[in-house]
Amino acid sequence: MREKTVGDLIYRRRVERNITQKQLCDGLCSVQTLSKIESGERIPDVFLLEYLLQRLGISADDFEVVLFDDEFREIELRDTIEEQIVEGNRKEAEMLLERAYKTAREGIRGQYYYLIKAVLSSALNEHMETVEYIKKALACTHINNIKTIKEVLLSTKEIELLCMVAEEYLLLNKDNDARMVLENLLQFIDNNDIQEMELVKTYPKIVYLQSQFVNNQKERMESIKRCERAFELLARRASTVFLAEIMQLLIAYYDELKLFNKGLRLKKQLKSMEDLYAEFNRDLYLAQQPMKWFKESKRREYLLCEELIRGERIAKRVKRSSFIEGIYEDIETLVRIENGSQSPSYKAFQMIV
């Protein structure tokens, strides 16, 4: 009988959607690794887990993720790099990035490296260079042809990168390229079952960018439907990422169609939001700044493996000597695990839990 683990969830969702192992793990890990994850023989690291779940349309935000020490250190480092960018310390951010990812330029970690390079380049208005960095980032997880993105599985992180490249195309006056990317993304979303918690991170921005290509009445009505869906999604998930932009679009559409009551209600709501943000000296339009938009869509709730083990053992008043029976031969191994200097094997972790 298959155990009820995250691997079981991945397996069941994959089978339900008639997705092969190769399709799901392409550019992320080997088929053998995915098989071990699905069978419960292996725990995926936090980065691989998020990509696998997102490609299946599942949000990792509902999960309590147990981190090993090296994963936690990398997350802390990424937070530091991103904070340096937000604060305008470009050189410091770039130095930390180059030092940390000197040899990690492939796969999931390589994608993060090129994402940050793209954000730094975009801040300098180097749009051609930014597009090249985004393409390198996408290639790290085997998305080599932007024209065929509707035919592959996309994680939320990969959709974010494609939104970013569409925005850069617009800045380069490559409207046809931008439109192609956005239309393919909308088609991908329409054809895939994606949980709201993940959809809210990207759909409003796609809709906002796509609205720039409305040329006739039919396209206008389609855009209104998308904006209304995005607005409802943002309201249900209590998110402000692109909320103001979507509200402004709807107000303009409603005024154009002489739906004044709908437009007036939204205007009052938008004014209230702007007043609230002004009172706390915050900018409601942070989503337009790439790094802040990415940071808005991220989760920061993790459990450290060593803290979980040590905390539960102490709470249950279990001595180390009795706790390690049948798992380890000496107490020192458990001491190293509890202080974060050593990680347990998967088998040992299961026994400890």
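**Entry 1. Helices H13 and H14**

I began with the crossing of H13 and H14, which is left-handed; the term applies if the near helix is turned anticlockwise from the far one by less than a right angle, and right-handed if clockwise. I note here that this is a predicted model, in which local features need pLDDT of at least 70 and side-chain atom pairs count only at pLDDT 80 or more, while totals for chains, interfaces and linings use all residues. Residues are numbered from 1 along each chain as its sequence is written, and side-chain values use heavy atoms, with hydrogens and water left out.

I looked up the axes of helix H13 (residues 217–236) and H14, which come within 10 Å and cross at roughly 140°. That angle makes H13 oblique to H14. Angles under 35 degrees count as roughly parallel, over 145 as roughly antiparallel, 65 to 115 as roughly perpendicular and the rest as oblique. The axes are lines fitted to C-alpha atoms, for helices over the stretch in contact, and the angles run from 0 to 180 degrees between N-to-C directions. Helices (H or I, at least four residues) are DSSP runs, numbered from the N terminus.

I then listed the contact (heavy atoms within 4.5 Å). On the H13 side I found, among others, Arg-220, Ile-224, Cys-227 and Phe-231, and on the H14 side residues including Leu-243, Met-247, Leu-250 and Tyr-254. The residues of this contact divide into 12 nonpolar, one polar and three charged. Ala, Val, Leu, Ile, Met, Phe, Trp, Tyr, Cys and Pro count as nonpolar, Asp, Glu, Lys and Arg as charged, and the others, Gly among them, as polar.

**Entry 2. Helices H8 and H9**

I next examined helix H8 (residues 127–139) and helix H9 (residues 156–171), whose axes come within 10 Å and cross at roughly 160°. H8 and H9 are therefore roughly antiparallel to each other. The crossing of H8 and H9 is left-handed. Among the residues that make the contact I noted His-127, Thr-130 and Ile-134 of H8, and Leu-161, Met-164 and Glu-168 of H9. I recorded 10 nonpolar, two polar and three charged residues in the contact of H8 with H9.

I also looked up Ser-122, which is placed in helix H7. At 11% relative accessibility, Ser-122 counts as buried (under 20% relative accessible area, with exposed over 50% and partly exposed in between, for a 1.4 Å probe and protein chains only). Not counting residues up to four places away in sequence, Ser-122 touches His-127, Thr-130, Met-164 and Glu-168.

**Entry 3. Positive phi in two loops**

I found Asn-125 in the loop between helix H7 (107–123) and H8. Its phi is near 60°, a positive value in a residue other than glycine. Asn-125 is exposed, with a relative accessible area of 57%.

I found Lys-258 in the loop between helix H14 (243–256) and helix H15 (260–279). Lys-258 is not a glycine, yet has a positive phi of about 60°. Lys-258 counts as exposed at 60% relative accessibility.

**Entry 4. Helix H12**

I checked how covered helix H12 (residues 203–210) is, and found seven of its eight residues buried. The buried residues of H12 include Tyr-203, Ile-206 and Leu-209.

**Entry 5. Aromatic pairs**

I found that the structure holds four aromatic pairs. The rings of Tyr-101 and Tyr-112 have their centres 5.7 Å apart and their planes at 45°, so the pair is tilted. Rings of Phe, Tyr and Trp (its six-membered ring) pair if their centres lie within 6.5 Å; planes under 30 degrees apart count as stacked, over 60 as edge-to-face and the rest as tilted. Tyr-101 and Tyr-112 are buried. I also noted that ring pairs link Tyr-113, Tyr-114 and Tyr-133 into a cluster.
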